[in-house]
Amino acid sequence: MEFTESAETEDFKLKVCLPYFKDIFIDLVGRSDNKQKGINKITFVEYTLLPGLLAERFFHVLDVDKDEYLSQKEFLTGLLRLYCSKFN
């Protein structure tokens, strides 16, 4: 069975993925040094448990505005793309 974008998939993103990712964001912002700016790199790297270079690269890919913090929009957009999108 081939994965395709459908109403069910969009419903899953909105009702399951998005709330889950928002909860993670709230938790990580609570651990960050500047809660107004978002998730800092150290907090993100510690949470992901990825090896150094991979964690750093992942953070920088998500940090679209390059301010060294992940805003809610950057975090949610990045995770939705990574975990809920079709790979071509």
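Which helix is Phe25 found in? Some notes on that residue and on the salt bridges follow.

1. Ground rules. This is a predicted model, where local features need pLDDT of at least 70 and side-chain atom pairs count only at pLDDT 80 or more, while totals for chains, interfaces and linings use all residues. Residues are numbered from 1 along each chain as its sequence is written, and side-chain values use heavy atoms, with hydrogens and water left out.

2. Phe25, location. Phe25 is found in helix H1, which covers residues 7-31. Helices here are DSSP runs (H or I, at least four residues), numbered from the N terminus. With a relative accessibility of 10%, Phe25 counts as buried; the classes are buried under 20% relative accessible area, exposed over 50% and partly exposed in between, using a 1.4 Å probe and protein chains only.

3. Phe25, neighbours. Leaving aside residues up to four places away in sequence, Phe25 touches Ile39, Leu70, Ser71, Gln72 and Phe75, where contact means heavy atoms within 4.5 Å. Take Phe75: it sits 50 residues from Phe25 along the chain, yet their C-alpha atoms are separated by 7.2 Å.

4. Salt bridges, the count. The rule asks for a side-chain nitrogen of Lys or Arg within 4 Å of a carboxyl oxygen of Asp or Glu. By that rule you get 5 salt bridges.

5. Glu10 and Lys13. These two side chains meet in a salt bridge at 3.2 Å, N to O. Both belong to helix H1, and because they are 3 residues apart there, about one helical turn separates them. Their accessibilities fall into separate classes: Glu10 is partly exposed at 37%, whereas Lys13 is buried at 13%.

6. Asp27 and Arg31. Helix H1 also holds this pair, 4 residues apart, or about one turn of the helix. Asp27 is partly exposed with a relative accessible area of 35%, and Arg31 is partly exposed at 49%.

7. Glu56 and Lys41. Why does this pair tie together parts that are 15 residues apart in sequence? Their salt bridge has its closest N and O atoms 3.4 Å apart. Glu56 lies in helix H3 (residues 52-62) and Lys41 in helix H2 (residues 41-48), so the bridge links those two parts. Glu56 counts as partly exposed, at 33% relative accessibility. If you are looking at this spot, include Glu68 too: Lys41, Glu56 and Glu68 are linked in a network of salt bridges.
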